[in-house]
Amino acid sequence: MLLAVGSLTVMGAALGTVLGVAARFFAVEGNPLEAEILSLLPGSQCGQCGFVGCGQAAAALARGDAKVTLCPPGGKAVAEKLAKKVGVRVDLSEAEDRGPMVAYINEDLCIGCLRCMQECSTDAIVGAPKQMHTVVSEVCHACAKCFKICPTEAVEMRPIAVTISSWHWQKPGALQAPPQVH
Amino acid sequence: MKLFPIRGGIHPDYRKELTSEKPIVALPLPRLLYLPVQQHMGAPANITVQPGDQVKKGQVLAKGQGAVSAPIHAPTSGRIAEIANITAPHPSGLPQNTIILEPDGKDEWGDLPEPLADPFAATPQQIKDRVAGAGIVGMGGAAFPSAVKLGLGGSHKLEILLLNGAECEPYLTCDDRVMREYADQVVDGARIMAHALGTPRIVIAIERNKPQSLELIKKAAAAFANIDVADVPVQYPMGAERHLTQAVTGRETPARKLTADIGVVVHNVATARAVHQAVRFGRPLISRIVTVSGNAVREPKNIEVPLGTKVAELIDFCGGLAETPRRIISGGPMMGQPLPDLDVPVVKGTSGILALTAGEVNERPVQPCIRCGSCVSICPCGLVPVEMAAVIRHENMDAAVAWGVMDCVSCGSCSYICPSHIPLAQYFNYAKGRLNEQDRERRKRDLVKRLVEERAARLEKAAKAKREAAAARAAAQAAQAATAEANRVNP
C-alpha cells in the first residue's frame, strides 16, 4: 500500500511541477480572441457602440458582454464576421443592410463651423472657418459622427454608387432579362 | 513542331462558317463616334480636349495615366460634340465618361509620330514607347495595355514570343481574317515585338480549323528562321494564354504567376498588326476588325470598324436583325459579355458582336446537381467546379479560395458541359467579384486605421506642445513675479 501511495505522490508532485512551470512559461497574455476581434472592427474609435473605442468593444465582445451587432459603421458585414468569430448565431435577416455609405456635405447649407472637421476621426473632412467643407470620400468610413453633430443638417449619408470598376456578377438566381432591342 | 496536350476542354459547335469566308469590309463613317475613357485594363485615360474642339484623325483625345493605362485617339477628323456619361459596353449597363466625336467627313490625318525607319535598330524602349503612345491594348478581348507586356523583357528572362492565333471561341473569325488578309503585317509586327522583348524565338499558334491562315502565315514567315508556326489542335479553350503556352512548350504556368515567369509572352495576332502599323507608319489604334455574327443577324460580316461606332450601326450595316435576339454578346459566346442593348459603342477589346437567337442560346431551367463529375473531367485548369459552386452557394468564400476559385480562368467549359445547366462559371465570377470587393474593403479598413492612429498621434503631440507652452509661460510668469518681488523688497 505504501508503494502505491508513494508512487502516486511522486507522480502527482512531478506532474504538478510540470504544469506549474508550463503555466508560468506558456502563459497567454490577454485574450487572443480580443486581438482577432479588434482586427475585424473598423478601428476608427468612433465610440458609437457605447465603448470608448474599438479596443474596449473588442474586449467586451471577447468576454461575451456585448452583442455582435454593436458596430453601426461596420453594419451587417462586420456583424456577420463577428458572429462567426465569437461563434454565436445571429439573425441578421431583420437588420437592414444599407450597404457601404459615405458622408456628403451639402455646400448650400454648410456654414463653415468646423465642428464636423474636428469630430472626424480619419481627417476625411477638409475646410476652413466660415468656408464650406467637403468630404474626401476615399477615406470616409461612414461613422456618421459628422452627420450627428452638424448644426445645419448639411451632412447627408449617401450610399456609395456602384461603378464599372466595383461592379461584379450577381450570384446566379433568376434568368437574366433579354437585351432591350428597339 | 512538337506539341503537348492540354488538360480537359470541350468541343463546341464552332459555327465559324457564318463569317469565315467573308472578307473584311470597311464600315462607312458613322454620324457620331462614342469613345469611352476606359477601353482597357487599368486606370481610365485623362481627357485632354474640350467640347467644341476641332480634332484631326489620330490626334490624342485622352492621355493614359499611371503605369497601366492607354491613351485614346480620334478615329477620324471632326468636332468634339460633347463629353458625357454614356452606357458602357459592359454587362452592368452602367454609364461611363465618354467623348462624343462628330466626324466632319474629311477624314484628315493629324501630325503622326515619325515612322521608325528601321525598327530592328531601335532600342526596345523606343518600340515600347511607340506602342504605348499608339494606345495599343491586347486585342483578343482582355484589352491589357500591350506596352506593359512588351516591357516584361526587362524583368524576366524570356525565350518565346507566342503569337496567339488560336481563336478558339465559336463564331469569331476576326483573327482568322486578319491572318489571311494581312499575314505579312502580322509577321512583321511579331518580329518587332520579339525585338522589343528580346526573345530569340517566335511561335505563331493557329488552331487546325483555319487551314488558309496556317498556310498564309507559314508562307509569310518562311523567310525568318526564328519563326515557327504551330498548328494546335481544335480544343476550347486552346486560346487561353496559359493553355496555349502549355500546348506549345509543355510547361504549366504556376498559379498566380505570369507566363513570363516561365519565359513566354503571349500576344494576339491583331495586336501584332496594330504594332506593325504604329511602328512602321506611326498610326495609333483607331479601328479594329469585328466579327458580327449569330443567327439573328441577316448578313453576318467581318467589318473594320472605327472605334466608338455604336453596335446598332454595325447591325444595320449587316442588314439588320432577322429576328429579336435572345442575347447580344460582345466577344465570343463562351467568355464574352452580354450587352444591355445595341446602344453601346465598339471599344478596343470588342472582337465580336453576336446576336444570338433563343435556339442558339439554348437556355434551360437549372436542375439539381447529379454529381456526374463532367465538370471535373473537362476543367482545363484542373479544378473541381462542383465543389467550388457548392461552397459559393453558401457564401463560404474562404473555402472557395481553398478550392482554387482564383485559378479559374472563367472559360465557361463547366457551364457548357453541365447536364443540369447549372451556371457554374457565373458562380465563380460572382465569387471573384466578392473576393475583390472584400479585398478593397480590407484595404480601406487598413487605411482608416492608419489615419486614425496618425490623427491620434498628432492630437497627442499638439496637446503635449500646448501643455509645455503653458508650463513655460507659467514658469516665465513665476520668474517675472519673483524678480518683481525681489525688486520691491530690495529697490
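Predicted model: local features only at pLDDT ≥ 70, side-chain atom pairs only at ≥ 80, totals over all residues.
View 1. Chain A holds six helices and four strands, which follow one another from the N terminus as α-α-α-α-β-α-β-β-α-β. Its radius of gyration is 26 Å, whereas a compact globule of 182 residues would have one near 16 Å. Along the principal axes, the C-alpha atoms of chain A fill a box of roughly 95 × 55 × 30 Å. Buried residues make up 24% of the 182 in chain A. Among contacts in chain A with a separation of 6 or more, 53% join residues 24 or more positions apart.

**View 2. Contact between chain A and chain B.** Chain B contributes 34 residues to the contact and chain A contributes 24 residues. On the side of chain B that touches chain A, strand S15 (327–330) and helix H15 (424–489) each supply at least two residues. H15(B) gives the most to this side, with 16 residues. By residue class, the side of chain B that touches chain A has 16 nonpolar, eight polar and ten charged residues.

**View 3. Crossing of helices H5 and H6 in chain B.** The axes of H5 (residues 183–197) and H6 (residues 211–221) of chain B come within 9 Å and cross at roughly 55 degrees. The crossing of H5(B) with H6(B) is right-handed. From H5(B), the contact uses B:Ala183, B:Asp184, B:Val186 and B:Val187; from H6(B), B:Leu216, B:Ile217, B:Ala220 and B:Ala221 take part. Seven of these contact residues are nonpolar, none is polar and one is charged.

**View 4. The cis peptide bond at B:Pro237.** The bond from B:Tyr236 to B:Pro237 is cis, with omega near 0 degrees. B:Pro237 sits in the loop of chain B between strand S11 (227–232) and helix H7 (241–249). Most peptide bonds are trans.

**View 5. Positive phi at A:Glu153.** A:Glu153, a residue other than glycine, has a positive phi near 55 degrees. A:Glu153 lies in the loop between helix H6 (145–149) and strand S4 (155–159) of chain A. A:Glu153 counts as exposed because it has 9 C-beta neighbours inside 10 Å, and the cut-off for exposed is 12 or fewer.

**View 6. Positive phi at B:Arg15.** Phi of B:Arg15 is positive, near 50 degrees. B:Arg15 is placed in the segment before strand S1 (24–26) of chain B. With 19 C-beta neighbours inside 10 Å, B:Arg15 counts as partly exposed; a buried residue needs 20 or more.

Methods. Residues numbered from 1 in each chain as written. Chains lettered and ligands numbered in written order. Rg over C-alpha atoms; globule rule 2.2 N^0.38 Å. Contact = placed C-beta atoms within 7 Å. Axes fitted to C-alpha atoms, helices over the stretch in contact; angles between N-to-C directions. Left-handed = near helix turned anticlockwise from the far one by under 90°. Nonpolar A, V, L, I, M, F, W, Y, C, P; charged D, E, K, R; others polar.
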